[in-house]
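Reader: I would like a close look at one part of this model. Please keep it brisk.

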Amino acid sequence: MDVKSTPSYLYWLFCQFELITCSYLMEPWEKVLFYSFNLALALLLLYFTYACLAAQASSALQLLWSFPANPRENALSVVK
């Protein structure tokens, strides 16, 4: 494939997406609904992934920062 510029490459990717999803067969109003639904799901997935990762990273960092402060206390709490 000879890609000369970014817009033509993005257009090529979009055409591939339409071929894979068979959305080139849809009417324009169906395409709008289909793309809106898929975009909304993708954005929700990204948001919830970000929110969960932020909470998990915060918990992990709190745990890691507590180990150097009180090593003996932390070792005893793990054994119990």
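This is a predicted model: local features need pLDDT of at least 70, side-chain atom pairs count only at pLDDT 80 or more; totals for chains, interfaces and linings use all residues.

Author: The structure holds zero disulfides.

Now the helices. Helix H1 covers residues 6-21, which makes 16 residues. From first C-alpha to last, H1 reaches 22 Å. That is close to the 22 Å expected at 1.5 Å a residue. Just after H1 comes Cys-22, with a positive phi of about 60°. Helix H2 takes in residues 28-69.

One salt bridge is present in the structure. Its partners are the side chains of Lys-31 and Glu-18, with 3.1 Å from N to O. The pair links distant parts of the chain. Lys-31 sits in helix H2 and Glu-18 in helix H1, 13 residues apart. Glu-18 counts as buried, because its relative accessibility is 12%, and buried means under 20%.

Next, the surface. Phe-37, Leu-41, Leu-44, Tyr-47 and Phe-48 make a nonpolar patch of about 550 Å². Phe-48 has its place in helix H2. Its relative accessible area is 48%, so Phe-48 is partly exposed. A patch residue needs over 30% relative accessible area, and Phe-48 has 48%.

Note on methods: Residues are numbered from 1 along each chain as its sequence is written. Side-chain values use heavy atoms; hydrogens and water are left out. Patches are made of residues with over 30% relative accessible area and no salt bridge: like charges are joined within 9 Å, nonpolar side chains (Val, Leu, Ile, Met, Phe, Trp, Tyr) within 5 Å. Accessible areas come from the Shrake-Rupley method with a 1.4 Å probe; for residues, only the protein chains shown count as cover. A salt bridge is a side-chain nitrogen of Lys or Arg within 4 Å of a carboxyl oxygen of Asp or Glu. Helices (H or I, at least four residues) and strands (E, at least two) are DSSP runs, numbered from the N terminus. Buried means under 20% relative accessible area, exposed over 50%, partly exposed in between (1.4 Å probe, protein chains only). The expected span of a helix is 1.5 Å times one less than its number of residues. A disulfide is a pair of cysteine sulfur atoms within 2.5 Å.
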